[in-house]
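Reader: Could you walk me through this one? I'd like to go topic by topic, with the criteria spelled out as we go.

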Amino acid sequence: MVTANNIFLRSLGSALGVAVVGTILTASFTQHLPAGLSEHSPVPRTVKEALTLAPSDHTTITEAFTHGADTALRAAALAVFLAGALIVAGAWHGQKAAPR
């Protein structure tokens, strides 16, 4: 049975997950932009903005985005792995502590 708490926590987790992954992606993307774009004020935060400012740097901008996505997805995978490990550890500990 799904309760309101479960629905709320799933929604909260989804929103926070998207926000954190997006933040990591954007930070990594802007960090790996070509020097001319990194010094631009404000720094472009999307591929479209970066390509508008420097269309000749298409390959470098695409690589910066790919690197940002790779970093963000690796962070998400690590978070899922750690959450899974905590769940398994909790279940294992619960089985050991339960009376037989």
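**The largest pocket and other local features**

Author: The largest pocket has a volume of about 170 Å³. On a 1 Å grid over the protein atoms alone, a pocket is an open set of points with protein on both sides within 12 Å along at least five of seven lines, and its lining residues have an atom within 4 Å of a point. This is a predicted model, in which local features need pLDDT of at least 70 and side-chain atom pairs count only at pLDDT 80 or more, while totals for chains, interfaces and linings use all residues. Residues are numbered from 1 along each chain as its sequence is written, and side-chain values use heavy atoms, with hydrogens and water left out.

Reader: Which residues line the largest pocket?

Author: The lining consists of Val20, Val21, Ile24, Ala75, Ala76, Ala79, Val80, Ala83 and Ile87. By class, that is 9 nonpolar, no polar and no charged residues.

Reader: And which helix gives the most to that lining?

Author: H4 does, with 6 residues, although H1 and H4 (58-97) each supply at least two. Helices here are DSSP runs of H or I with at least four residues, numbered from the N terminus.

Reader: Switching topic, what is the confidence like?

Author: The protein averages a pLDDT of 90, and 95% of the residues score at least 70; pLDDT is the predictor's confidence in each residue, from 0 to 100. Confidence is lowest in helix H2 (residues 35-38), at a mean of 88, and highest in helix H3 (residues 47-53), at 96.

Reader: Is threonine 30 buried or exposed?

Author: Threonine 30, which is found in helix H1 (residues 4-31), counts as buried because its relative accessibility is 13%, the criterion for buried being under 20% relative accessible area with a 1.4 Å probe and protein chains only. Its side chain reaches the backbone oxygen of alanine 27 at 3.1 Å.

Reader: Last one: where is the cis peptide bond?

Author: The cis bond joins serine 41 and proline 42, with omega about -5°, and proline 42 is found in the loop between H2 and H3. Most peptide bonds are trans.

Methods. Buried means under 20% relative accessible area, exposed over 50%, partly exposed in between (1.4 Å probe, protein chains only). A polar contact is a pair of N or O atoms within 3.5 Å; within protein, one must be able to donate a hydrogen and the other to accept it, and residues adjacent in sequence count only if both atoms are side-chain atoms. On a 1 Å grid over the protein atoms alone, a cavity is a set of points where a 1.4 Å probe fits but cannot get out, and a pocket is an open set with protein on both sides within 12 Å along at least five of seven lines; lining residues have an atom within 4 Å of a point. Grid points are joined across faces, edges and corners, and a volume is the space filled by probe spheres set on the points. Ala, Val, Leu, Ile, Met, Phe, Trp, Tyr, Cys and Pro count as nonpolar, Asp, Glu, Lys and Arg as charged, and the others, Gly among them, as polar.
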